[in-house]
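Please open the structure in your viewer and keep the sequence panel beside it.

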Amino acid sequence: MSFQPEVGESIRLFGRRYTFPKHPAVVGIDIPYGQEGRQGTVYQIKEENTRNKAALKVFRDRFKNKNQVRLSEQLKDYSSFYGLSACLRSVIEEEEHARLVGRYDDLNYALIMPWIDGPTWADILMGEQALSKDTCLRIACMMAFLLKELEEAGVAHCDLSSSNVMLPFLQESARPIFADIELIDIEELYAPELDEPKALPGGSPGYAANYVKDGIWSKEADRFAGAVLIVEMASWHDKEVRSLKADDFSYFDTYEMQSKSERYKKLKGVLRETMGQAAEELFEQAWKSESLQECPSFSQWYEIFPENVKSFVMHSHELYMASKKPSVPLGSMSLDTLLQIAAAFEGLGNKKAAHSEYQYIMQQFPEQKSVVEELQMLLSDEEESRRPELVPSHYLEAAQHFEKLRDWNTALIFYTRCTQLPSVDFTTKEELSIIIEEIQNQIRAEAEQQSTAEKLKLIAKEREQATAAALAEPFEAQMAEKQKFNAKVFFSRHWKWIAGTVAAVCLGIGLYYLYEAAQEKKWNDYIKQGTEAFSERRYSEAEQYIQKAIDKKPTEDLYTKMATIYISQGQNQQAIQYMNDLKFKKELSSRNTEANYLMGRAYFLEKDYNAAIPYYQGAYKDKKNKYHQDAIRDLVVSYASINQLKKANALVEQLQGKDNQSKAFVAYLKGDLATRQGKSSEAVDFFEQSVDLDPGNKKYAKKLVEAYITNNKTNQTDDATKVKTYENAITLANGLLRDDYTNIDYLNMTGQLYYEYGLYAEDKKQKAKSQNLYKEALNSYNQVIDLGIQEKTTILNIGILYEKVGDKKKAEKTYKQVIKLNPIYGHAYFVYGMFQIKEKNYKKALPLLKKVIQINDDATDVSLAKQRIKEMKSKKVLI
């Protein structure tokens with residue numbers, strides 16, 4: 001499911017809850033504060049109940065990859081550089097955010113970073129904002145100084161443009177934690193220690209030299225674009241320069257780069273008037289260069305600025321560097337402490353976290369051969385060679401658990417260890433330092449109380465010993481005298497008392513056994529009542545009875561019954577915590593098959609498949625238990641959900657369907673696996689089996705329709721089969737709608753089906769048929785809108801369909817509506833722009849297609865937009 005947040009919507013990231021605020025520049029429509037970039041969208045998010053703000057960067061599919069994790073760890077080292085605050089970032093991975101990524105796959109490998117307040121240089125260009133000469137010189141000098149500092153350190157941004165330069169300097173309430181100028185979108189950052197990106201940008205329009213085609217990754221990569229930006233900034237105070245800008249994002253147009261255009265001559269003249277001949281010569285040197293090495297260095301640019309401007313920039317830099325807070329000291333932990341952490345994880349039932357610590361220990365202490373050998377026995381070959389995955393949430397959960405137990409020392413160890421993890425985000429470390437200080441104060445306070453209590457105990461003990469010594473002598477004399485009594489005399493005098501005592505003891509034993517039998521019966525009654533209540537779904541009542549039974553006599557069977565009740569009520573997290581606590585206290589065996597299945601089930605229902613798998617594996621190994629087939633079923637789904645399809649395929653063959661419903665489910669699982677592997681024909685076969693075996697199951701019918709649609713998009717299907725497939729799919733889809741005519745998913749699916757069948761008929765020159773199919777599609781999509789759903793893709797599809805059936809007025813009205821509701825939806829601009837070209841409204845089409853290029857939502861759209869603009873210019877239809 002795509003991620004399209006709404007204003008006020010909340011999201012939980014790295015243990016914090018954030019909300020999406022309204023975009024301040026958009027009036028009349030509630031859209032979240034976000035900015036489209038070349039690689040994705042950056043949203044502002046605000047932490048609840050605090051003033052903290054962060055940036056959430058959601059990448060487009062082609063820029064999304066696992067390398068973000070490693071890159072973010074590497075980039076953190078550069079976050080201390082002046083102007084590179086954006087390097088402090090954390091990656092959202094499925095492992096830590098399984099539910100979130102399971103719901104919104106767009107968020108996999110998204111980033112959370114500092115939110116930097118202030119306009120971008122593009123905002124200044126777009127608004128044609130007038131700035132004084134002094135302000136322009138300061139901004140240009142800041143830019144030159146920042147790029148000089150980076151170049152001297154062997155670092156380059158590699159994708160400089162107006163959109164990637166932030167200016168907190170121009171923010172009225174600038175936050176001191178940021179530099180006056182900051183660079184963002186630093187995914188292609190060059191540094192000797194970094195890995196080269198797989199794909200590099202070929203340069204941003206209006207800033208790239210003609211000889212930069214495929215992207216450059218080197219320490220000189222910024223020299224040309226940086227020169228253009230510095231000159232733009234220094235000359236922006238001139239009114240004519242502002243009015244001559246090519247578009248909203250650059251002064252120069254792409255086609256005039258390195259040519260002697262009017263814009264170039266004007267800018268060079270204003271630069272000479274502003275900064276003198278030396279600046280003009282440097283600009284000319286960069287403009288006429290044939291390689292980046294021929295461009296002036298940024299040290300040369302910085303040197304030509306007036307001394308008073310350089311003094312201002314240096315003072316600003318010194319204030320910023322002085323204001324930066326030192327991060328939490330990481331320190332180092334001993335081998336014994338790390339082993340203690342791993343053992344505690346084992347006790348809490350978090351095997352994965354324990355094994356990651358073991359992997360870390362093996363890497364950090366290779367000289368400890370006996371320890372390494374012992375750990376090798378615990379780990380599988382795959383785990384032994386794998387990089388340890390140290391997940392902050394595991395350490396925080398463990399620390400909080402020990403806090404609840406008032407085990408302050410162990411909690412302190414876990415919090416401290418968490419500060420050492422490379423993936424800890426930029427705000428967590430400071431919060432952890434506060435928590436660590438609080439716990440240290442707690443430990444000191446308790447130590448002082450204990451010390452005082454020990455002193456009082458010692459005084460009391462000394463007094464007790466003195467009293468005992470004073471009484472000891474006469475007591476010993478009395479005892480010696482008593483021993484002189486004759487046992488025979490004692491018995492003759494007290495035989496009645498002795499007999500009574502024996503009788504009383506026998507009676508007591510009898511009563512005890514009667515009492516125990518009554519308690520056993522009551523215990524069994526509680527279990528019986530709890531089981532009956534559970535079978536009738538009276539879960540609260542069942543919980544009370546089982547708890548009473550546990551209070552009387554706890555057993556592992558009762559513990560798993562209680563966990564089952566929690567899961568049946570949807571309280572999965574409570575079930576997980578309940579069983580983890582029992583395992584930690586060693587009241588529930590980690591080998592208990594039922595407990596392992598229930599732990600796996602709880603995590604599975606929470607969509608935390610990585611956590612569920614180890615527990616399911618434990619339950620699956622015991623082939624005689626009643627959960628064996630259930631464990632296989634959920635393992636197949638879990639493996640498929642995390643893309644371990646080979647393991648899923650191997651397991652699914654072990655599932656045995658006893659009746660039609662269970663056989664249908666097995667076929668459905670096989671179809672789902674085939675879909676994930678791109679085997680559309682196989683998927684159709686399996687889903688057809690599931691529908692035949694269980695015709696009343698709507699989920700199977702929906703999956704079959706989706707498989708039909710996917711299969712018909714391939715080139716492997718002949719025309720007769722395609723027609724039959726479309727008609728079968730339509731019959732199924734209409735059957736689903738008859739039972740649930742307001743179901744949004746069914747309506748959208750039916751609309752898509754009619755639309756694609758219409759395209760096929762149109763391609764086959766069957767005009768009447770295609771028109772009827774388009775009208776049916778339009779009817780389905782309009783029903784979605786009538787239900788109050790304003791989803792952008794649906795609205796855009798309606799516009800396309802109006803155009804298909806010849807209603808151009810409604811088509812144009814709909815295109816305008818979707819853009820108004822979604823001003824950063826790139827594909828809508830493309831469709832509307834192409835519509836205007838068809839209508840020969842070329843001047844209206846141009847800004848729409850330029851917007852497509854700027855937003856860069858889809859590579860195909862961008863390529864076609866550039867091609868159409870080029871054609872319009874070559875045909876001179878824009879005059």
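How do the residues of the lining of the largest cavity divide into nonpolar, polar and charged? Before the answer, two remarks on the basis of this tour: the model is a predicted one, in which local features need pLDDT of at least 70 and side-chain atom pairs count only at pLDDT 80 or more, whereas totals for chains, interfaces and linings use all residues. Residues are numbered from 1 along each chain as its sequence is written, and side-chain values use heavy atoms, with hydrogens and water left out.

Select C158, G203, V212, A221 and A225, which are the closest to the centre of the largest cavity among the 16 residues that line it. The lining divides into 12 nonpolar, 3 polar and 1 charged, where Ala, Val, Leu, Ile, Met, Phe, Trp, Tyr, Cys and Pro count as nonpolar, Asp, Glu, Lys and Arg as charged, and the others, Gly among them, as polar. The volume of this cavity is about 160 Å³, and the structure holds 2 cavities of 30 Å³ or more. A cavity here is a set of points, on a 1 Å grid over the protein atoms alone, where a 1.4 Å probe fits but cannot get out, and lining residues have an atom within 4 Å of a point. Grid points are joined across faces, edges and corners, and a volume is the space filled by probe spheres set on the points.

**The whole chain**

Zoom out and colour by secondary structure: the chain comes to 36 helices and 9 strands, which are DSSP runs numbered from the N terminus (helices are H or I with at least four residues, strands E with at least two). Of its 879 residues, 47% count as buried, a term that means under 20% relative accessible area, with exposed meaning over 50% and partly exposed in between (1.4 Å probe, protein chains only).

**The nonpolar cores**

Next select Y578, M579, V636, L753, L796 and Y815, the residues with the most contacts inside the largest nonpolar core, which has 118 residues. Its largest share, 9 residues, comes from helix α30 (residues 744–763). Apart from this core lies another, of 79 residues, among them I186, L271, A279 and A286. A nonpolar core is a set of buried Ala, Val, Leu, Ile, Met, Phe, Trp, Tyr and Cys residues joined through side-chain atoms within 4.5 Å.

Return to V636, which is in contact (heavy atoms within 4.5 Å) with A648, L651, V652, L669 and L673, leaving aside its neighbours within four places in sequence.

Select Q44 in strand β4 (residues 40–47), which counts as buried at 4% relative accessibility. Beyond four places in sequence, Q44 is in contact with residues including T19, F20, Y33, W115 and D117.

Move to D180, in the loop between β8 (165–166) and β9 (182–183), which counts as buried at 17% relative accessibility. The C-alpha atoms of D180 and F169 are 4.4 Å apart in space, although the two are 11 residues apart in sequence.

In helix α16 (residues 408–419), select F414, buried with a relative accessible area of 1%. Among the residues that F414 touches, not counting those up to four places away in sequence, are I341, F345, Y395 and F402.

N596, in helix α22 (residues 593–605), is also buried, with a relative accessible area of 8%. Its contacts, again not counting residues up to four places away, include K583, R591, Y615 and Y616.

**Two backbone angles**

Finish with Q258, which has a positive phi of about 65 degrees although it is not a glycine and is placed in the loop between α6 (239–244) and α7 (262–275). Then select K876 in the segment after α36 (859–874), where phi is near 55 degrees, a positive value in a residue other than glycine. K876 is exposed, with a relative accessible area of 61%.

Note on methods
1 Å grid on protein atoms, 1.4 Å probe; cavity = no way out; pocket = protein on both sides within 12 Å on 5 of 7 lines; lining within 4 Å.
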